[in-house]
Amino acid sequence: ANGGWSGSARVQLADVSRPPSPRAPAPHPSRDASSKSDDGGDDETTTSRGVGAGWGDGWADVAFASLGQAAAASGFGIVVASLAVATERRTGSEAVGTLALAVEMFARAVVSLPAARRANARGRREVIAHAGCLGVLGSLVAFADFYLDSHVLYFLGLAFVGVANCVAQQLRFAAAEAVAPAHRPRALSFGVAGGTLAAFIGPEVAKATRDALAEEFAACFLAMAASYAALVAFTSRIRSAGPRPREATNAEGGAEDAAAPRGGGDDASSPLAWPSAELARSVNARKGLAGVTCAWTAMFLVMSAAPLAMTGAREGGHSFDEAATALQLHMIAMFLPGLLGTGDVVQRFGPDAVSNAGCALYLACAGLTYAAVPGRTGYGERVPLWTFHVILVILGLAWNLTFIAGSALMLPDGVALDAAGSRRVQGAAESATFFAVGTASAIAGATLGAIGWRGLCACVAPFAVGMAWYGRW
């Protein structure tokens, strides 16, 4: 009953039928044939679309979701490449430089659960498009503050950008929900793989626009606004993520009420309700939430400080363009494996094995740091540029494996986690993830100054050990 992946449980995404809720209304006769998936359970693809659609139409939606991911990740790529350095140049503090990233991440954490609840009621398309509009507004507000120099508007704009980047994370699940259950791991992987385009676009745009205006880095934020406008355009084409039919919403609501504990517990009507019941029923949901949270936190702790380490005089001494290129390689490693078949690997070997491989890469990243980085930097020695490249590439590969494996664990399994419960768990995972990542970003700059690049990279090891240990249960 816990929905685990032991033995041959990798088939759970496709082969387990879901019993009908005792309180769910009977299906409408005209939708009887189209409301069933190939495995005999309810087809969330049809219920989320509101119209019957074929397998090929579903993959068209996967393509648009992947392009939307590319647009959002391009904006995020500009953020990662330029934000910490731009803020450090404006304030003169490395700690404040990564604190700006923390503001963006904390905004993600605050909006995650309400956005997931809204998506459950109105469909993902509307929620992602509205968040993309906030991303456009936030980028323009931050751009204006380069000339107003209030700093308040700057951080407010970054919070709006964080909302857009948070809700755009739902695109991978929109891709998975657009196809038949048997194809969901592959579709999820393709949805994430859209970031491969962003790996080429984001850092290159940051380099090209850095000095385009009189105020250094100001034009980067105009480019970010264009990225989020593209996100809105691509999201509007995802038919399967539109408003959900009333009968489907009522059916899932009935199932939710039937499963809810009596005499207290979470208020399911609250947009901030934690999905305690779903997490208690499904070990996969718990493992997925923990895995995604650790994957993001370990990766971002190092990535957020990398531009400062590379451009700083203490250890790096490299140029901004060299730092942007290193982050470009990192983003390629983050997203390209999804295009090459991480989802197929998850389907073949199961998410636990894939996650363990990612944990091994995190440990390799920590070990390589001490093997390759000079022990005393700041005294005539620099961290070699190739070392930054190798560490960031390994870090990106580790994130891809652990992130996609954890995301697959949070998909509906037909036993302990239905479609509505899956969306609540996904929202909770985003909230937990970005609170943790925000904290990591807030301390990354200060940690870099205190223990240096080697010590900072070594901090990913506890996350890897924790993920591997928890994955055994």
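**Entry 1**

I take axes as lines fitted to C-alpha atoms, for helices over the stretch in contact, with angles running from 0 to 180 degrees between N-to-C directions. The model I consulted is predicted.

I looked up helix α6, residues 152-168, against helix α10, residues 218-235, and found that their axes come within 12 Å and cross at roughly 30°. Since angles under 35 degrees count as roughly parallel, I recorded α6 as roughly parallel to α10. I noted the crossing of the two helices as left-handed.

I then listed the residues that make this contact. From α6 they are Y154, L158, V161, A164, N165 and A168, and from α10 they are F221, M224, Y228 and L231. Sorted by class, the residues of the contact of α6 with α10 give 9 nonpolar, 1 polar and no charged.

**Entry 2: cavities**

I next asked how many cavities of 30 Å³ or more there are. The count came to 5. For the largest cavity, I noted about 160 Å³ of space.

I looked up the lining of the largest cavity and found 15 residues, with Q69, A73, Q169, W296 and F335 lying nearest its centre. By class, this lining holds 10 nonpolar, 3 polar and 2 charged residues.

**Entry 3: helices around the largest cavity**

Which helices each supply at least two residues of the lining of the largest cavity? I recorded α3 (55-91), α6, α14 (320-340) and α17 (385-409). The largest share of that lining, 4 residues, comes from α3.

Note on methods: Residues are numbered from 1 along each chain as its sequence is written. This is a predicted model: local features need pLDDT of at least 70, side-chain atom pairs count only at pLDDT 80 or more; totals for chains, interfaces and linings use all residues. Side-chain values use heavy atoms; hydrogens and water are left out. Angles under 35 degrees count as roughly parallel, over 145 as roughly antiparallel, 65 to 115 as roughly perpendicular and the rest as oblique. A crossing is left-handed if the near helix is turned anticlockwise from the far one by less than a right angle, and right-handed if clockwise. Contact means heavy atoms within 4.5 Å. Ala, Val, Leu, Ile, Met, Phe, Trp, Tyr, Cys and Pro count as nonpolar, Asp, Glu, Lys and Arg as charged, and the others, Gly among them, as polar. On a 1 Å grid over the protein atoms alone, a cavity is a set of points where a 1.4 Å probe fits but cannot get out, and a pocket is an open set with protein on both sides within 12 Å along at least five of seven lines; lining residues have an atom within 4 Å of a point. Grid points are joined across faces, edges and corners, and a volume is the space filled by probe spheres set on the points.
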